[in-house]
Amino acid sequence: MAEIATPLVSLQGVTKVFTNGVMALADFDLDVRPGEFLSLLGPSGCGKSTALRIIAGLSRPSSGGVTWPNAATQDHRGEIGFVFQDPTLMPWANVADNVWLPSRLRGVSRDAARENISESLSLVGLKDFENAYPRELSGGMRMRVSIARALSIKPKLLLMDEPFAALDEITRFKLNDDLLKLQRDVGCTIVFVTHSVYESAYLSSRIAVMTPRPGRIAAEIEGVAQGGRDMDFRTSTAYAELCRHVSRVMIDLTSNEGALS
Amino acid sequence: MTAPLSPALGRRNALEWLLPAAVFIAAIAGWEAYVRAHAVPTYILPSPSLIATTMVADWPLLSASLLVTLKTTLLGLVLAVVGGVALAVLLSLSKLVEYSVYPFAVVLQVTPVIAIAPLLLIYLPQDIAVLACAWLVAFFPVLSNTMLGLQSTDRNLLELFELYGASPVQSPAARFGSRLKALWILRLPAALPAFLAGLRIAGGLSLIGAVVAEMAAGSAGAGSGLAYRIMESQYRLNIPRLFAALVLLAFTGIVLFLLLSALTRILLRRWHESVLAQEG
């Protein structure tokens, strides 16, 4: 259990106040353990996305710090893949060129990146769509391209900001399964922001429940370990039990908050 | 499902061409019949057939004028595109430049060009003054549309760019370099649809600018373009030639618009809604 002792990323006492005075996060502490699937679960506007952006370095904390205990370098952008709620693809470029973007920004030529591009695309099951344009793909396929793009730099840490929120249920279930398989194949750590109790219970090895105004982590729930799911997990009593538990924690927290305010 | 659909679509396409063509032919025929039935004098309203024969008879003169106007229009448009895009890029790279320069571009735009034309004709040689007019009116739509396009780049894509691309060293030179890179990889392609919309407007305006300036020059008795021919024909009561020149001007405008629309379609074919929607 040594790996629990040294987290991959650690946020300590992070506070974020926006310029308009809104306090998004206060005394936010979070350790991301190597190899885990961590969900940040909470209602809209509780600062989940802000926390994710701070981990990514897209936003600076007002106070407190983000540390990478085992890292040799200060610049971690090479180790982070980011997936937004929207696929955020370049509509003028085909799928392969979209996946090429992160490498391209690092000066890798299209030829040198070719193998990497097709490898990333086959990871998400889109090997035959290199020349398609985003407009020609379904919502789920666009999200797969977005994930392939994030994976193309072989990140240690994959940050996902409600990536499947806009998709239909059937597509979402399929992508949930594929994402778990992907994590097994690639072996990266995932921090996943969601407002769905069921999604977080299905995916996570650990769930951090957040409460809003100011956002902080109010409870942590152990999920199902990697490889602990089989084909029938979604209909199993263990999954139903976990969902019930997570829901109850959520309800307790929000009703406490209601009593306070 | 496609089989029963395509004949219907084909019929609609045919109708889209046939209906305006039929209306056009009917209007011309009505005009011809009216002029003949009432024996309208040619210096008031020439018949379409007379306009056509004048076009043929005066072709050497008219074609030379057409060439002059065409050259002015196209050169004005090209200069407007080069200047407009360059300035838009400059303004998008630096807020300081935007604040100090953009108001003047607006002033140039809102001042009616016909009011500036006589001044330009005093300060510049006649052909340069006409070109300057065409450039002036075509410049602004290119500038403002390109600016709009550059500013409407997807914010998330720009963040992605920051995450994956920005140099860790935050020296001013490195920041400028990464801005240039973002411009080339993200902002310019994102601005393309808005730029092309501006280009289509600018094409028509460039022709108008050329015509306005030629008229201002023509009233001073100098010039050789189509608009000058119109002024000259009016003074000489050569109304059939006036009409012939007018037809050529309208034709130039239509061709210019169709060419620019085709360019838009080719460039945006695979990715932009505005073009895809037309294909159903």
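What I am showing is a predicted model.

I will start with A:D97. It sits in helix α3 of chain A, which covers residues 95-105.

Setting aside neighbours within four places in sequence, A:D97 is in contact with A:M90 and A:R110. With A:R110 there is a polar contact, side chain to side chain, at 2.6 Å. As for A:R149, that residue is 52 residues away from A:D97 in sequence, and the C-alpha atoms of the two are 9.5 Å apart in space.

Next, A:N94. This residue is in the loop that runs between β5, residues 80-83, and α3 of chain A. A:N94 counts as buried, because its relative accessibility is 11% and the limit for buried is under 20%. What does its side chain do? A polar atom of the A:N94 side chain lies 2.9 Å from the backbone nitrogen of A:D97. Not counting residues up to four places away in sequence, A:N94 touches A:E130, A:N131, A:A132 and A:Y133.

Rolling a probe the size of a water molecule over the atoms shows where empty space is left. How many cavities of 30 Å³ or more are there? The count comes to 2.

The largest cavity holds about 50 Å³ of space. Its lining consists of A:L123, A:V124, A:R144, A:I147, A:L175, A:D178, A:L179 and A:L182. By class, that makes 6 nonpolar residues, no polar ones and 2 charged. Two helices of chain A, α5 (139-151) and α6 (169-186), each supply at least two of the lining residues. Of the elements involved, α6(A) gives the most, with 4 residues.

The second largest cavity holds about 30 Å³. Among the residues lining it are A:F37, A:L180, A:Q183, A:L203 and A:R229. Here the lining divides into 5 nonpolar, 4 polar and 1 charged.

On to the open spaces, and to chain B. The second largest pocket has about 950 Å³ of space. It is lined by 24 residues, and those closest to its centre are B:E16, B:W17, B:I254, B:V255 and B:L258. Which helices of chain B each supply at least two residues of this lining? They are α1 (2-38), α2 (48-57) and α10 (239-268). The largest share, 11 residues, comes from α10(B). The lining of this pocket has 17 nonpolar, 3 polar and 4 charged residues.

Last, the interface. On the chain B side, 23 residues are in contact with 27 residues of chain A. The area buried between the two chains is about 2,400 Å², and carbon and sulfur atoms give 63% of that. Which three residues supply more than any other three of the area that chain B buries against chain A? They are B:L163, B:Y164 and B:R270, and they supply 33%.

Terms used
Residues numbered from 1 in each chain as written. Chains lettered and ligands numbered in written order. Predicted model: local features only at pLDDT ≥ 70, side-chain atom pairs only at ≥ 80, totals over all residues. Heavy atoms only, no water. Contact = heavy atoms within 4.5 Å. Polar contact = N/O pair within 3.5 Å; in protein donor to acceptor, adjacent residues only side chain to side chain. 1 Å grid on protein atoms, 1.4 Å probe; cavity = no way out; pocket = protein on both sides within 12 Å on 5 of 7 lines; lining within 4 Å. Points joined across faces, edges and corners; volume = space filled by probe spheres on them. Nonpolar A, V, L, I, M, F, W, Y, C, P; charged D, E, K, R; others polar. Buried area = accessible area lost by both parts, 1.4 Å probe. Buried < 20%, exposed > 50% of the residue type's maximum accessible area, 1.4 Å probe, protein only.
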